[in-house]
2 protein chains.
Amino acid sequence: MYTFSAKVERWGVQEVVMPGKAEGNPFTDVEVKGEFVGKEERKTVYGFYDGDGNYVIRFMPSFTGKYGFRIESSAFEEPYTGTFDVIAPSEGNHGPVRVKNTYHFAYEDGTPYYPNGTTCYVWELQSDELQETTLKTLSEGYFNKMRFCVFPKHYDYNQHEPWSYPYEGTPMDSSVLTPENFMLYNGDKGGNDFDFTRFNVRHFRHVEESILKLQELGIEADLILFHPYDRWGFSLMSHEQDILYLNYVTARFAAYRNVWWSFANEWDLMPQKSVEDWEDFAKTVMERDPYDHLRNIHNCTKMYDQTRPWITHVCCQRIDLYKTTELTEEYRQAYKKPIVWDEIAYEGNIQHGWGNIGPQELMRRFWEACVHGGYAGHGETYLSDDRVLWWSHGGVLKGESQDRIRFLQKIMNETPGCGLKKAFLSWDDSVAVPEEEQHESFKDYSYYLFYYGFFRPSFRDFYYFDDDAEFEAEIIDTWNMTVEKIPGVLKGKFHLDLPGREYMAVRLRRVN
Amino acid sequence: MYTFSAKVERWGVQEVVMPGKAEGNPFTDVEVKGEFVGKEERKTVYGFYDGDGNYVIRFMPSFTGKYGFRIESSAFEEPYTGTFDVIAPSEGNHGPVRVKNTYHFAYEDGTPYYPNGTTCYVWELQSDELQETTLKTLSEGYFNKMRFCVFPKHYDYNQHEPWSYPYEGTPMDSSVLTPENFMLYNGDKGGNDFDFTRFNVRHFRHVEESILKLQELGIEADLILFHPYDRWGFSLMSHEQDILYLNYVTARFAAYRNVWWSFANEWDLMPQKSVEDWEDFAKTVMERDPYDHLRNIHNCTKMYDQTRPWITHVCCQRIDLYKTTELTEEYRQAYKKPIVWDEIAYEGNIQHGWGNIGPQELMRRFWEACVHGGYAGHGETYLSDDRVLWWSHGGVLKGESQDRIRFLQKIMNETPGCGLKKAFLSWDDSVAVPEEEQHESFKDYSYYLFYYGFFRPSFRDFYYFDDDAEFEAEIIDTWNMTVEKIPGVLKGKFHLDLPGREYMAVRLRRVN
């Protein structure tokens, strides 16, 4: 049955469902193409086969007002057409996230967006019950971005069957897998029988529902399109099969405003794909995504060339074992893009060095990222008898960093304008000032965030300003999540007593 | 009265006191030169004027047996001559420290020496009472090296008068100094009247006594010859005056076996001295020190060219704010010398970033230094009402790192051979093996020290060895200072449960 909505909100989704011929392989044999036209935009949009003889096309309007569309396909006798109204966005709908001020982000309506993401690689491919628990955890508002995969994951602690598979066919017998032998099954060592030309519609519908559930919680879906942790052969498909997959994924997901394209988790662990392959993937996604969603490609030990123009922001894993987000300023200078550190070791206690740092160290890395003008990401890997680890499966959080991340988000939201940058004033602390402000003298900013990290001053003298500038000061304990307002107004040279503990910050706001 | 000892122990000091003419300026006008001859060595040694018409020459014999000497000077009518016996060293006298195994140290008798130093810049120029307190603290055996200055120090927390001045004359009035204005008096802003050609003998005698008191405690005296923290003009002397000073210092101190020459604290903060000056200082000391004591030159933000052949070992301050002793291996490769990190921020809570890290972080840096094949140094800067800070003044220790340093010393002393090096086995932990051992396979070492730093594994599987190698294992809590022996012998692949806390280490000793 031909259906679409008469009314859609701005940055919502118009979904047109169209019956059509489904002989042969409708995933490979049929192209569905639509034109959507409003007063302020005209978009070409691709559709997809959704099973049961139905084709679907989705469109995200970026403006309010009347829209018309015309959708053609070899599967249809006649084009499908229609008109609909785009109304104002509902509360909490700020549009897709865009790069703003070179190094930062804002929603399309201008609201600053400070990413504080987490990673649950395949949370949506766990049991229904575990997915519910994950969503309940996320509803606490700790995070506003989630990195996760379209393909299932095979790795340490990831030997069980996923909720669904992306292709029609049958997987290898997972009962042979143990925590000791799983590495022997990397790639496709036989026993799998998937048809890489026939998508499992149920899998993709489920990913969509998951994207929408995150959207309801105000969480951006940083979708990982390819990754190396595989025992089914999804990482070993031909280039043609990869492109077919990208066409399908973009047709299905691009209309969701909270989607980001993360081309790879650890591209450099996939030697089977060349730089030319990745560049071609990027070209494909840019052609097929009419909304220009954010695009990134994540590394393990070797950075992709992050200067490539299709990369909207740097999504990086730390390469140095000891120095991580403190390198943000260097990366900003090198890439002139937002820097998002999405793997800086996870809070946890597993055997792997990437998954066993403490919450204090993780939070120090978050704060260092922020005061250097970038962003960090969370993950959690605490051992438990059920082998459910947030990093891959979601569930409940056992750690102590998530509350501190929410606290940091609150502080970040109070930044004037959009985004912070490091002020090159002092060597032995980090001072951030608003990105949008540019002054000849350090003393003229409206806002200063001093962060002391592992340094523990019991006082600091503030001699940076002239005798007239007046400030309100707060002492922030980033670990204990307190903000202590210093009474009165500070002027000229002033002295602040500090508790001599780690992880303290001072915020000064100019009042005169 | 002409005096010398009939019997001296090996690496002890033969001191010859000789009356002589003292007209004019005996510090500049007179040279005293001796030849000391034993069966196994012949040394030319310079003497010095010690006031009261007496000249002194000091000699450290490096062998046992009969020695003779002949000392000449324009101050003497006739040469002074004599013979004496050198007997075996007393307990605890292992001779001077030498470089061993390229990256490490041993005393001349072959006993390994693992430096765990502290810094008390001018402990010997505080009140007699405070000096006594410092020596009492040091007698606890926390440290086996002390960095300190011949010249007094002027800086934050260092505005009072020193115990003595190195030259005859009068200093500026220190009562004008405050914690706020002291920077205005850097260098020599007037009010000083010192004669840089007339040494204050009492000052140098006192430094000698201090060196000997450290020697009694088994502590090497890492003597800082020049430094920039000055209000009296000692950092601004002419090149000729500097050379006169170095001749005097070497003549007085070189015979003490525990002396090291640290040419500068923060050479790069003394732009008044050129590289040619420093090179000339090094040449002078090498000519005047017949025992070839260890030589280093310490940086602030710019390293001296540590490849210079006269530098026996790298004595460095951390240049990066975040990454310190983790760079040890890179420095080893660059300089092929022992790496001693003598400023990696001090335990404390003062306002300065170089003096307010916590004891856990300091100890982490110590351990990272060791497992990377180098060494770290201690300092302490806790605020107190009396403004007595260990870093400059000595006194009592208020921190928590010193006990852990003594614990580390005990662990280091158990190293087979002399010194550790990092094994390039694993990325996410640091594994050290004995420097002296060289094996084709990682599995063949006799000893392994795994250090996890801020990582907190709750277990590790050890798969590195073959099925036959047998090990004894210990779990070391470097913070709580416990060593837990795992019962029995471990073989093949084995699993160790760990507490999932920071600062843990595992030691494996091969038993078969």
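This short talk covers two residues, A:Asn296 and B:Glu368, in a predicted model.

Start with chain A. A:Asn296 sits in strand β17, which spans residues 295–296. Is this residue buried or exposed? Its relative accessible area is 0%, so A:Asn296 counts as buried. The cut-off for that label is under 20%.

Now its surroundings. Set aside residues up to four places away in sequence. A:Asn296 then touches A:Asp222, A:Trp261, A:Ser262, A:Phe263, A:Ala264, A:Ile311, A:His313 and A:Cys315. Which side chains make polar contacts with that of A:Asn296? One belongs to A:Asp222, at 3.1 Å. Another belongs to A:Ser262, at 2.6 Å.

Over to chain B. B:Glu368 belongs to helix α7, residues 359–371. B:Glu368 has a relative accessible area of 2%, and is therefore buried.

What does B:Glu368 contact, leaving aside neighbours within four places in sequence? In chain B, the list is B:Thr325, B:Glu326, B:Ser430, B:Tyr451 and B:Gly453. From chain A, there is A:Tyr322. That pair deserves a second look. The side chains of B:Glu368 and A:Tyr322 are joined by a polar contact of 3.0 Å.

To recap. A:Asn296 is buried, with side-chain polar contacts to A:Asp222 and A:Ser262. B:Glu368 is buried too, and its side chain makes a polar contact with that of A:Tyr322.

Conventions: Residues are numbered from 1 along each chain as its sequence is written. Chains are lettered from A and ligands numbered from 1 in the order in which they are written. This is a predicted model: local features need pLDDT of at least 70, side-chain atom pairs count only at pLDDT 80 or more; totals for chains, interfaces and linings use all residues. Side-chain values use heavy atoms; hydrogens and water are left out. Helices (H or I, at least four residues) and strands (E, at least two) are DSSP runs, numbered from the N terminus. Buried means under 20% relative accessible area, exposed over 50%, partly exposed in between (1.4 Å probe, protein chains only). Contact means heavy atoms within 4.5 Å. A polar contact is a pair of N or O atoms within 3.5 Å; within protein, one must be able to donate a hydrogen and the other to accept it, and residues adjacent in sequence count only if both atoms are side-chain atoms.
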